[in-house]
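Colleague: I'd like to learn how to read cores and cavities in a model. Could you walk me through one?

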Amino acid sequence: MGVILRAENLTKTFKLSAKQQKIEKTNVKIRTAVKNLSFSVNEGEIFGLLGPNGAGKTTTLRMLATLIKPDSGDGTVDGASIVREPEKVRSRIGFLTSELKLEDFFTPNYLYDFFSELHGVPADVRNDRKKRLFSTFGIGEFAEVKVGELSTGMKQKASLAIALVHDPSVIIFDEPTNGLDVITAKVVTDFLEELKKEGKTVIVSTHIFSLAEKLCDRVGIIIQGEMAALGTLEQVQGGKSLEDSFFDIYSERMGGSV
Amino acid sequence: MKSTVFTIFKKELKRFFSDKRMAVTTILLPGLMIFVMYNFMGSAISNIANVDENQSVYISAVNIPESMEAVFSQWGIETDIISENDIQTAKDAVSAGGDISALVIFPENFEKSAAEYDVSEGGKAPNIEIYYNSADTASLTVYSMLTEIFDSYESSMANKFDINNSDTDYDLSSDRDITATVFSTLLPLLMLVFLYSGCMAVGIESIAGEKERGTIATLLVTPAKRSHIAVGKIGALAIIALLSGASSAIGTLSSLPKLMAGAAQEISGSFYTASDYILLALVILSTVLVLITIISIVSAFAKTVKEAQSYVLPVMIIVMLAGITGMFGEAKTEIFYYMIPIYNSVQSMVGIFSFNISYAHIAVTVGANIIAAGIGVFILTRLFGSERVMFSK
Ligand SMILES: Nc1ncnc2c1ncn2[C@@H]1O[C@H](COP(=O)(O)OP(=O)(O)OP(=O)(O)O)[C@@H](O)[C@H]1O
Ligand SMILES: [Mg+2]
């Protein structure tokens with residue numbers, strides 16, 4: 001099993017606008033969201049990026065998905081550089097985050113075909129794949145209903161299917177179960193395990209430790225944009241529950257108790 | 001992957017036409033509203049011009065000659081002949097603002113004394129007295145009617161010469177000339193306004209709207225080239241904007257006859273040949289491309305549709321200024337002016353509508369506009385690739 005995705009010293013800062021400074025009551029003009037972050041993900045595993053709110057998980061995933069560029073550092077996905085070959089990277093990953101929305105005016109069926117075309121998927125392959133994905137997520141029932149009229153769960157399912165139109169080898173999934181009820185959340189996590197069985201690589205970010213314990217082969221814990229712990233689930237747990245181990249790491253980092 | 005452009009293009013059109021409210025408000029409504037508005041304006045104008053002839057007005061008169069009474073009744077003025085003893089009663093009636101709108105007192109034997117009067121002898125001319133009530137609209141109207149009647153009566157008595165007093169048509173301008181004048185002063189700026197508002201409606205929605213709703217990000221994580229996304233969007237938006245502009249233009253042209261109802265000459269679009277229309281179409285098409293790229297670029301900087309709307313307003317003022325300055329006088333002859341996008345469009349349209357077509361000018365105009373649109377697409381592509389612009393918080 002080789003390394004399929006690698007992050008090397010990724011650093012990302014954001015300039016805070018005057019408005020943002022006011023909202024967050026700070027005079028700092030520049031926020032370092034991610035700092036010298038390195039990790040690698042092996043082919044066929046589920047990797048979890050863990051961390052509290054604002055740790056920099058989403059920012060890291062957005063950089064890997066080429067939606068934003070790192071200030072410094074680089075990353076590779078399946079051999080393609082996220083800085084120099086963003087288009088190649090985009091054709092190899094399926095990226096899912098709440099920031100990516102589907103247009104309200106279209107049906108899941110239309111959007112599936114539309115994104116298939118953008119990915120250059122041949123029509124026959126597209127139809128087979130659509131049948132499979134739509135039945136997995138039970139999209140058939142609402143395939144012809146406009147996205148604007150769908151529930152949160154239905155939208156999430158449609159987004160998932162549409163993120164996978166090109167059968168990517170790497171799936172990057174930000175907060176996969178956010179806003180979903182337990183049943184839909186289970187459909188999604190079962191599907192991620194299914195993907196792993198098919199040999200796909202999955203990267204998820206989450207602040208739900210139980211989810212990571214259930215799903216992930218290896219995890220990285222990010223605190224304030226820096227990698228605080230990295231390894232197999234067992235290594236990072238260190239004989240405790242992931243949550244307890246996280247509190248230890250956190251208080252050590254922050255110099256005090258939680 | 002040219003197919004990416006086409007995929008985006010199709011999606012944009014479908015997005016637009018599957019949204020009935022939007023399709024109706026941008027394509028059907030502008031033309032319809034202009035048609036209704038102009039027709040309403042047209043009838044309002046002719047209403048003001050025509051005196052309401054059905055309604056009779058009443059006056060009292062003393063010593064009125066029979067011929068005068070006949071003239072009055074032609075104008076719808078009913079005369080109540082009274083004696084000199086009743087003058088005060090009549091004055092009171094006029095002052096009270098009742099049915100009697102005016103009191104006219106002629107000198108005795110008015111016609112005879114007026115005919116005999118000679119200005120050169122210097123005596124006092126016979127005087128007609130009109131008592132009226134300026135606080136009463138009806139009375140005021142009658143007063144001005146009466147003065148008008150008497151003025152023309154007076155000038156007909158002393159008729160030494162006439163001006164254009166025969167059925168000959170003295171205005172030597174042809175219908176074609178009038179059409180050229182009316183169209184070339186009216187239409188270029190109007191077309192610009194129509195096209196701009198069409199572009200505004202769809203451009204803001206498609207760029208700032210997609211940004212606001214987070215759907216453009218979904219597009220940007222696909223391998224689709226940013227330049228293809230930009231071209232596909234611009235192409236589709238230009239077509240919709242053209243339809244919107246065409247709707248407004250049809251609304252205007254079909255109301256012109258009503259608006260120009262008073263004019264003696266027939267103005268008509270039929271004076272222009274097919275090749276004139278083809279040139280016009282080329283100019284308009286290239287103009288729409290420029291306008292839609294400008295609006296798309298401006299919209300890309302906005303975070304919300306509202307914000308975009310406030311950004312495009314100042315741009316609209318600049319565009320309209322270019323339109324207005326291009327409107328005055330004849331089309332410029334220096335080729336330089338045809339290299340300035342938008343301004344050149346107005347100049348070219350003035351040229352076409354006034355039958356002063358210069359192929360060189362139109363070629364330069366279309367070329368300059370296409371180059372400007374190309375630069376615009378390049379800028380838009382860069383903006384789509386800029387995270388600061390696309391993902392600013
Ligand atoms: N566009 C931006 N402009 C300014 N600051 C930003 C921007 N995006 C993220 N940040 C900041 O960067 C930091 C990391 O944010 P990020 O969204 O990556 O955290 P996260 O780990 O995903 O948190 P959560 O669990 O809340 O989703 C936060 O402090 C956030 O405020
Ligand atoms: Mg996040």
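Predicted model: local features only at pLDDT ≥ 70, side-chain atom pairs only at ≥ 80, totals over all residues.

Colleague: Let's start with the layout. Which domains is chain B divided into?

Modeller: Chain B splits into domain 1 (1-49), domain 2 (57-173) and domain 3 (176-390). Between the C-alpha centres of domain 1 and domain 2 of chain B, the distance is 55 Å.

Colleague: Now the cores. Which residues in the largest nonpolar core touch the most other members?

Modeller: A nonpolar core is a set of buried nonpolar residues joined through side-chain atoms within 4.5 Å. Here the largest one has 156 residues, and those touching the most other members are Leu5(A), Phe39(A), Leu64(A), Phe95(A), Phe115(A), Ile172(A) and Phe384(B). Helix α7 (residues 175-213) of chain B is the top contributor, with 15 residues. Domain 1 and domain 3 of chain B each supply at least three residues to this core.

Colleague: Can we zoom in on one member? What does Ile172(A) touch?

Modeller: Leaving out residues up to four places away in sequence, Ile172(A) touches Leu5(A), Leu61(A), Leu64(A), Ile93(A), Gly94(A), Phe95(A), Leu96(A) and Ile203(A). There's also a second, separate core of 18 residues, with Val57(B), Ala61(B), Ile64(B) and Val104(B) among them.

Colleague: Next, a helix. How many residues of α4 (residues 108-118) of chain A are buried?

Modeller: For a helix, you go along the residues and ask how covered each one is. In α4(A), 9 of the 11 residues are buried, so to speak "mostly covered". The buried ones include Leu111(A), Tyr112(A), Phe114(A) and Phe115(A), along with Asn109(A) and Asp113(A). Just past the helix, Gly120(A) has a positive phi of about 70°.

Colleague: And cavities? How do I think about those?

Modeller: Rolling a probe the size of a water molecule over the atoms shows where empty space is left.

Colleague: Where does the largest cavity lie relative to the domains?

Modeller: Domain 1 and domain 3 of chain B both contribute lining residues, so the largest cavity lies between them.

Technical notes:
Residues numbered from 1 in each chain as written. Chains lettered and ligands numbered in written order. Heavy atoms only, no water. Buried < 20%, exposed > 50% of the residue type's maximum accessible area, 1.4 Å probe, protein only. Helix = DSSP H or I, 4+ residues; strand = E, 2+ residues; numbered from the N terminus. Domains from an automatic or database assignment. Contact = heavy atoms within 4.5 Å.
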